Amino acid sequence: MNDFRELYQEMILDHYRSPRNFGPLENQNLSARGYNPLCGDEVEIHLYRDGDGILRDISFEGCGCAISTASASILSEVLKGRPENEVRDIFEEFHKMITEDGTAPEREGLTKLKVFSGVKKFPVRVKCATLVWHTLIQALDEKEEEVCTE
Amino acid sequence: MCSLNRQSRIDDPGATSLDLATVKSLFPCLHQQVHGNPLVYLDSAATTQKPISVLEAMDGYYRENCSNIHRGLHALSERATAKYEQVRNKVAALLRAPDPREVIFTRGTTESINLVARTIGRERVGSGDEVLISAMEHHSNIVPWQMLCEEQGATLRVIPCSDEGDLILDELVDLISEKTRIVSIGHVSNAIGTVNDVKQIIQAAREMGALTVVDAAQSVPHMNIDVEDLGCDFLAFSGHKVYGPTGSGVLWGRLDLLESMKPWQGGGDMIRTVSFEKTTYAEVPLKFEAGTPDIAAVIGLGAALDFVKEIGLDAIYAHEKDLLDDAVAKLDQVSGVRIVGRPAHRASSISFVLDGVHPHDVGTILDQKGVAVRAGHHCAMPLMKHFGLPATIRASFGVYSESDDVDSLVEAIDEVKGIFR
């Protein structure tokens, strides 16, 4: 498979064309904005974290490239219902996958994240895949300032 | 556009024939495979490739004449100084400047504009004054003025841009007044390729007594420039966009202004005498060249200007004009492609978007096909906002570009469309 076909797998294209959990979140109690100055991509993440630290609901808004849009869309699917601590660990594993060893986080329900393993061969696109993740962490940390991936 | 005289090319048949095969063979970096495909370099507006003569000139300095300039009494320093100073004459000739002392070497356009803003800018712009730029400036011709205005309590005003991508010069009457102290305009837009009628803007500015600065980073590589005909006070360009090395740049300024200005950076080379009580400064241009410059880069720039002169800017302009017309026509034939900006007069670049595909994704796939373009905001975020786009894809051309490059671009776009179908 060509490197770029490995990058633009059908699942990524599908989430780009029809992003899931896209739009505002009525019951949000956490949110943050992220910006990638390199490509001008902006993302806003909305979270509902319950009293037990579980992310009960996740949505996002913003425009971006296929990689960043699909990353946000898939993130919103696979992290919904997980506790905050686990989410932070998953981000570490995800980041490692696309920058270092290319293996997906070994947890149940996370196989979709594997589609991003091809990003490793495109170092300039790593920020596209991680923008929404950094923004998510910013929201969880309840920090005011916009995340910037530069 | 005064400086775009195609007639002279027709009058001089010697300048008409541009042997592309020969020209391209002079650029070693162009002859390589990228991701298994021959490189198609369409990013000359970011930086041009360098001909062998430039590489050899720089190498020659380090191998044979490596020494510091302007102070050594030994042979190497004399040779290096002579070579360095010759480039000043070459730049003056390129810009039709009356005096080589008007040529100041900088690191590039950005540093040149900052020099003007930080010296005469501070002297001339005060509280309540205005600085005028245009909606299509590169960040390097926005931010230095913004910083100056903030510092001095002045206002930054902007000549608006039409949907076609031309500056709306009818508004100049309202935008230029006795409050306007500096007008700084890009000659050619790096983002969409518009050639601006800077001469008209300069005239309007001069009538109100404003200083005029031309950001010629994107025009010097593509067309003849005559600073006296333009009538500007300052003009800035970068060596690396005109086949020279990075780290070489030029600020041209009118001699009387340069002589009246205080120095910018202090240090070696820019002084006449130094004591702890008082320092006296060197004459123009050394007054503005503190410290050891990038000698190799300036010598490389000299070789680049020799190369440009040998081919002739009229011939380069005509060749690139044909290519741009060809590329616009071919891109217009590709369904889903929308060219951003239809300026009346274009040079250097074409910006476009592809329906349903983000420019960054286009750029990544094009790169995999060996086609190097720029995808992004092109350091012109206000202009992107004007067009309602976060980014575009930009194809830009140089003397070595050819019609086949446009075909490769179109083929690669088809590939993108295949993936995103």
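**Conventions.** I number residues from 1 along each chain as its sequence is written, and chains are lettered from A in the order in which they are written. As the model is predicted, local features need pLDDT of at least 70, side-chain atom pairs count only at pLDDT 80 or more, and totals for chains, interfaces and linings use all residues.

**Chain B overall.** I looked up the secondary structure of chain B and found 15 helices and 17 strands (DSSP runs, numbered from the N terminus; helices are H or I with at least four residues, strands E with at least two). The radius of gyration of chain B is 22 Å, which agrees with the value near 22 Å for a compact globule of 421 residues (taken over C-alpha atoms; the globule rule is 2.2 Å times the number of residues to the power 0.38). Along the principal axes, the C-alpha atoms of chain B fill a box of roughly 75 × 55 × 40 Å. I find 51% of the 421 residues of chain B counted as buried (20 or more other C-beta atoms within 10 Å of a residue's own; exposed is 12 or fewer, partly exposed in between, with C-beta atoms placed from the backbone).

**Sheet in chain B.** I traced an open sheet of seven strands with mixed pairing, in the order S4-S10-S9-S8-S7-S5-S6. Strands S4 (103-106) and S6 (155-159) of chain B are at the edges with a single partner strand each, so one side of each has no neighbour in the sheet. The twist from one strand to the next averages 20°. Within chain B, S9 (residues 234-238) and S10 (residues 249-253) pair in the antiparallel sense over five bridges (pairing requires at least two DSSP bridges between two strands). B:Phe234 is opposite B:Gly253 in S10(B).

**Helices H3 and H11 of chain B.** The axes of H3 (residues 52-64) and H11 (residues 295-311) of chain B come within 8 Å and cross at roughly 145° (lines fitted to C-alpha atoms, for helices over the stretch in contact; angles run from 0 to 180 degrees between N-to-C directions). The contact (C-beta atoms, placed from the backbone, within 7 Å) includes B:Ala57 and B:Tyr61 in H3(B), and B:Ile299 and B:Phe307 in H11(B). By class, this contact has eleven nonpolar, three polar and one charged residues (Ala, Val, Leu, Ile, Met, Phe, Trp, Tyr, Cys and Pro are nonpolar; Asp, Glu, Lys and Arg are charged; the others, Gly among them, are polar).

**Chain A.** I checked the interface: 16 residues of chain A are in contact with 13 residues of chain B. The side of chain A that touches chain B has ten nonpolar, three polar and three charged residues. In chain A, S2 (residues 41-49) and S3 (residues 55-63) pair in the antiparallel sense over eight bridges. S2(A) and S3(A) form a hairpin with five residues between them, and A:Gly53 in the turn has a positive phi of about 80°.

Most residues other than glycine have a negative phi, and most peptide bonds are trans. I noted B:His35, not a glycine, with a positive phi of about 50°; B:His35 counts as exposed, with 12 C-beta neighbours inside 10 Å. B:Arg96 has a positive phi of about 55° and lies in the loop between H4 (75-94) and S4 of chain B. A cis peptide bond joins B:Val284 and B:Pro285, with omega about 5°.

Definitions and conventions: Contact = placed C-beta atoms within 7 Å.
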